[in-house]
Amino acid sequence: MSQNEAFFLDTNILIKWIYRGILNENPAVEDFIDSLSKGQCVILHINLSEFETIIYDAYNITSHVIYEKILSKQDWDKLGVEDKLRVLEDIRKNFEQIYEQILTKYYNGQILPRGIRQILAKTFFIELEGKLIDSNLEALRNHIALNQRTDDLIDYISGIENTIRKNCTILNNINLLFNDDIIKENQLIYEGISKYIRNLKSEGYNKTPSRNDQIIFVYLFLLLRGRIYDKIVFITDDNDFERMHNTVLNHLKDIINGNADLRGDFKEYAIEANDILRKLVIKGINDLIAQQKR
Amino acid sequence: MSADLSLPLEEYYKVPNEMKNRNFPVHLLEKMRDYLVKQYEENLFEIYEGMLMLILNPEDEDKLKILLKEAEKIKEDFELYNSMLENNTTIGEYVNMVMKELQKLIDGLKKNEEEFYKEVLNSDNPNFLITTYYSLYLRFVTTVYLKLHKTNITKPNIKTKDSRIKDIFNITNFLVGFFGTPILIYIKKKEVFPYISELSGALLHALVADRTPMPSKDSLGYYLFSKIHVVKNESK
């Protein structure tokens, strides 16, 4: 393997790796990441920030649940341990419903429903139960509703970032995205992405690639174009990226063949962009694991 | 409370009083500031808000064009203002001015912090995203202030416009306004900015990157981290 070949982890892979225990993930995901050297395992800032946003949402809802179900009831301090346990058990048993209620009532459109955020929020709650029984109301209020909360959150996330940094390189070459030169190949890539989004919409799909996904795609292209990496394997858990990649490649082929650019003005840029994009490989994590076993 | 709080945020960009010395054309500058404030008071806020929405979800191309045009107009006006400021101050004075405004902003935010949390949580619409954002913003501004405080100004007496370190202070001014907007939106309209999670993710990431983990026994964050990620891994 050449030195400049790297594996980039999509946000969904970060989740599978860091929360493998909670999600009952195949340990092979972790083994695969462990098998990479620090230089080979790369995470873009954008993905890390996306990952942290998910934790942030989940932790905020956990706080809201505790605030509404425990802190708003003034008698928490007066309850005996058995009664406290009963309250906690009630919340735990109905956590999914409580989560949805709070989300619909207060965070409509601000936080996505169910999914990973809900699973994390419930885990945070369960793991905090011991502290909820131990602490007095005053201390809890500081941690859950007042200024201690942000410190707690920063502490938690810095623990996680530390784990990630031990295994992987966190890449921030954001200046690549703000290059003042007009890069004609980039124009073609954006055209390809727009085409992909139009196709999805005309086929009736509502879920189109997020702005972040589009930036990540262009980012990977620029990393290859700038020869910062010779080959990039982007590891993900769904086929959004692969389809985007294919549509862009097809768009470039149309230009090269003269179907989309009759005068051939952009042919040479399309050829270059096509050569570069062929060094990008989009892989599902399960394929990689299967491949490794062979 | 809300009125108290919007003051330090909104006054951040005002002309320094300390500049009333020597040949400094403070009357001109003040006239200009008044004009700009009147011209853009409402508008500037709208544009910031629009920029925040667009940068995170720039799908609306027409809106983007209008905003860019507006922003361009404002930029020209402010550039004139800035160039007057940068031509008539030394970098030492300029830095002093930014630092003083930052101090006032931090003190104002800090003073209102607990009150803000209580007001939000006791309202009909308690929302933890905005309270967390408030404290992330406060920590961010404080971190920036502490960093800038260490800036070594070797030649405090050269004109601001000729100084290379003015850029970092310019960016600070921009970021303070930019990230402060969701709080102003909340105070003025009682609305939570729809992309607040994404912005918080960015602030959080910036704050974490700046920090070396230091376990404290009081921290629920470390408690959670060790329970979920350390203990379970060791026993696997």
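How many salt bridges does the rule find across the interface of chain B and chain A? I noted first that I am working with a predicted model, and then looked up the count, which is two salt bridges across this interface. For one of the pairs I looked up the partners, and found that the side chain of B:Lys227 meets that of A:Glu127 in a salt bridge, with 3.3 Å from N to O. I then turned to polar contacts between chain B and chain A, where the count is 20 residue pairs, both residues of each pair being at pLDDT 80 or more.

Next I asked which helices supply the chain B side, and found that helix H4 (91-121), helix H5 (128-149), helix H7 (196-209) and helix H8 (220-234) of chain B each give at least two residues to the side that touches chain A. H8(B) provides the largest share of that side, namely 11 residues. Sorted by class, the side of chain B that touches chain A holds 22 nonpolar, 14 polar and 11 charged residues.

For the extent of the contact, I recorded 50 residues from chain A and 47 residues from chain B. The area buried between the two chains is about 4500 Å², and carbon and sulfur atoms give 61% of it. On the chain B side, the residues that lose the most area to chain A are B:Phe128, B:His205 and B:Leu220, which together account for 16% of what that side buries.

I then went to chain A and looked up its sheet, which is open and made of five strands in the order E3-E2-E1-E4-E5, with parallel pairing. Strand E3 (169-171) and strand E5 (280-284) of chain A are the edge strands, each pairing on one side only. With direction ignored, neighbouring strands of this sheet are turned by 30° against each other on average. Within the sheet I followed strand E1 (residues 5-9) and strand E4 (residues 231-236) of chain A, which pair in the parallel sense over five bridges, and where A:Glu5 stands opposite A:Lys231 in E4(A). Helix H14 (residues 285-293) of chain A packs on the sheet and touches E1, E4 and E5 of chain A, while its direction makes about 90° with that of E5(A).

Last, I looked up salt bridges over all chains and found that the structure holds 20. In one of these, A:Arg117 pairs with A:Asp57, the closest N and O atoms being 2.9 Å apart.

Conventions. Residues numbered from 1 in each chain as written. Chains lettered and ligands numbered in written order. Predicted model: local features only at pLDDT ≥ 70, side-chain atom pairs only at ≥ 80, totals over all residues. Heavy atoms only, no water. Contact = heavy atoms within 4.5 Å. Buried area = accessible area lost by both parts, 1.4 Å probe. Salt bridge = Lys/Arg side-chain N within 4 Å of Asp/Glu carboxyl O. Polar contact = N/O pair within 3.5 Å; in protein donor to acceptor, adjacent residues only side chain to side chain. Helix = DSSP H or I, 4+ residues; strand = E, 2+ residues; numbered from the N terminus. Nonpolar A, V, L, I, M, F, W, Y, C, P; charged D, E, K, R; others polar. Pairing = 2+ DSSP bridges. Axes fitted to C-alpha atoms, helices over the stretch in contact; angles between N-to-C directions.
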